[in-house]
Amino acid sequence: FAEAITLTDVAREAGLSRYYFCRLFHRETGVLFHDYLHDLRVTRAKMLLADRNLRVTEVAYAVGFSDLSHFDRTFRRMAGCSPSEYRRSLQSA
């Protein structure tokens, strides 16, 4: 999940069309592939943000985001706060 991965890549590895893989993945897991991948990445990012030696940018790249603004938007949507706010909340807890 930390590498650049696309739905097309995963579908190809599974030997399925992109469309069929999407339908099958959603039917079996109850979530869309991209939402599942983002959840994995944000969960790992939360663990890495506890390490104050890592910058937020380094965390974003380490979990597979190549664009910091995309990481920030996705993290906010899934965690309810920015990565920096999340890190500050860990210190006050």
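Val 31 sits in the loop between α2 (18-29) and α3 (33-49). Helices here are DSSP runs of H or I with at least four residues, numbered from the N terminus. The model is predicted: local features need pLDDT of at least 70, side-chain atom pairs count only at pLDDT 80 or more, and totals for chains, interfaces and linings use all residues. Residues are numbered from 1 along each chain as its sequence is written, and side-chain values use heavy atoms, without hydrogens and water.

Val 31 counts as partly exposed because its relative accessibility is 32%; buried means under 20%, exposed over 50%, and partly exposed in between (1.4 Å probe, protein chains only). Together with Tyr 36 and Leu 40, Val 31 makes a nonpolar surface patch of about 220 Å². Patch residues have over 30% relative accessible area and no salt bridge, with nonpolar side chains joined within 5 Å. A salt bridge puts a side-chain nitrogen of Lys or Arg within 4 Å of a carboxyl oxygen of Asp or Glu.

## The largest pocket

The largest pocket holds about 180 Å³ of space. Of its 14 lining residues, Ala 4, Ile 5, Arg 41, Gly 64 and Ser 66 are the closest to its centre. A pocket is an open set of points on a 1 Å grid where a 1.4 Å probe fits, with protein on both sides within 12 Å along at least five of seven lines; lining residues have an atom within 4 Å of a point.

Helix α3 gives the largest share of the lining, four residues. The lining divides into five nonpolar, six polar and three charged residues.

## Glu 58

Glu 58 belongs to helix α4 (residues 56-62). Glu 58 is partly exposed, at 33% relative accessible area. Its C-alpha atom is separated by 17 Å from that of His 38, 20 residues apart along the chain.

Technical notes
Patches are made of residues with over 30% relative accessible area and no salt bridge: like charges are joined within 9 Å, nonpolar side chains (Val, Leu, Ile, Met, Phe, Trp, Tyr) within 5 Å. Accessible areas come from the Shrake-Rupley method with a 1.4 Å probe; for residues, only the protein chains shown count as cover. Helices (H or I, at least four residues) and strands (E, at least two) are DSSP runs, numbered from the N terminus. Grid points are joined across faces, edges and corners, and a volume is the space filled by probe spheres set on the points. Ala, Val, Leu, Ile, Met, Phe, Trp, Tyr, Cys and Pro count as nonpolar, Asp, Glu, Lys and Arg as charged, and the others, Gly among them, as polar.
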